[in-house]
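Trainee: I have a model open and some questions about how the chain is put together. Can we go through them one by one?

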Amino acid sequence: MKAGELLDLAPVIPVVVLDDPDAAVPMARALVAGGLPVIEVTLRTAKALAVIERIAAAVPDAVVGAGTVVGPEDARRAAAAGAKFLVSPGCTDRLREAMTAIDLPFLPGVSSASEAMALLEYDITAMKFFPAGPAGGPDYLKGLGGPLPQIRFCPTGGVTQDNASRYLALPNVACVGGTWLTPADAVRDRDWAHIENLASKAAGLV
Ligand code: 3PG
């Protein structure tokens with residue numbers, strides 16, 4: 001699968017920050033049941049790789065990937081854990097080279113025209129726009145779309161159920177991502193029905 005195809009699988013990619021592998025499978029099942037099969041597990045917790053492993057092994061309908069990939073070693077460890085795609089908040093030459101060698105769909109993060117153009121030089125046209133809200137929101141992304149219409153973005157960072165449709169209405173936005181689908185209190189309380197409900201509302205955004 002190419003990164004561009006990954007962006008077309010669902011309108012919203014839940015961004016998961018989870019340090020509890022026992023919650024991984026029921027959480028992923030709730031997201032898939034709600035209509036959001038593409039799940040980004042951030043490498044921001046000590047047990048994130050175990051979370052990815054559990055989902056990859058037990059939830060075949062989920063497409064689980066790793067987020068917060070900030071270096072080549074993160075990328076290799078996530079791929080070994082079963083990640084089907086990789087997402088980074090920004091990009092460096094070393095990271096791009098490692099991602100290309102790993103050959104998984106890869107969404108490098110950008111927040112400026114120059115960063116996006118540097119990736120275009122390598123024929124990368126699917127990118128994360130991060131941090132979407134603080135960087136300028138839908139208006140900024142619309143501005144990038146004028147001179148760079150060939151790039152398709154997944155904005156994350158400050159995207160919510162209430163503002164997601166403003167991003168999704170833009171021609172250069174394929175999908176959005178965010179943490180609002182998996183609130184910490186719902187995970188703590190094992191309230192999978194609530195998470196499924198949040199996912200199904202988000203899946204209905206398009
Ligand atoms: C990410 O890693 O993409 C962001 O931290 C998600 O940000 P959010 O909490 O604002 O959705």
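Trainee: What is the bridge partner of G109 in β7?

Mentor: This is a predicted model, so local features need pLDDT of at least 70, side-chain atom pairs count only at pLDDT 80 or more, and totals for chains, interfaces and linings use all residues. Residues are numbered from 1 along each chain as its sequence is written, and side-chain values use heavy atoms, with hydrogens and water left out. Two bridges join β6 to strand β7 (residues 126–129), and the two run parallel. In β7, the partner of G109 is K128.

Trainee: Which strands stand at the edges of that sheet?

Mentor: Strands are DSSP runs of E, at least two residues long; helices are runs of H or I, at least four; both are numbered from the N terminus. Two strands pair if DSSP finds at least two bridges between them. The open sheet has three strands in the order β6-β7-β8, with parallel pairing. Each edge strand has a single partner, so one side of each is left without a neighbour in the sheet: these are β6 (109–110) and β8 (152–155).

Trainee: At about what angle to β7 does helix α8 run?

Mentor: Axes are lines fitted to C-alpha atoms, for helices over the stretch in contact (heavy atoms within 4.5 Å). Angles run from 0 to 180 degrees between N-to-C directions. Helix α8 (residues 137–145) lies across β7 and β8, and its angle to β7 is about 150°.

Trainee: Within what arc do the buried residues of α6 fall?

Mentor: Buried means under 20% relative accessible area, exposed over 50%, and partly exposed in between (1.4 Å probe, protein chains only). In α6 (residues 113–120), A116, L119 and L120 are buried. They pack against α5 (93–102), β6 and β7. The arc uses directions from the helix axis to the C-beta atoms; the buried residues line one face, because seen down the axis of α6 they fall within 105°.

Trainee: Which residues touch the most other members of the largest nonpolar core?

Mentor: A nonpolar core is a set of buried Ala, Val, Leu, Ile, Met, Phe, Trp, Tyr and Cys residues joined through side-chain atoms within 4.5 Å. The largest one holds 62 residues, and its largest share, eight residues, comes from helix α2 (residues 21–33). Apart from it lies another core of 14 residues, C175 among them. In the largest core, the residues that touch the most other members are V41, I55, L86 and V176.

Trainee: Is T42 buried or exposed?

Mentor: T42 is found in strand β2 (residues 38–42). Leaving aside neighbours within four places in sequence, T42 is in contact with V15, V16, V17, A48, G67 and T68. Its relative accessible area is 0%, so T42 is buried.

Trainee: What distance separates the C-alpha atoms of R190 and P26?

Mentor: R190 lies in the loop between α10 (184–188) and α11 (192–203), and is partly exposed at 37% relative accessibility. Beyond its neighbours within four places in sequence, R190 is in contact with D20, D22 and A23. R190 and P26 are 164 residues apart along the chain, and their C-alpha atoms are separated by 8.5 Å.
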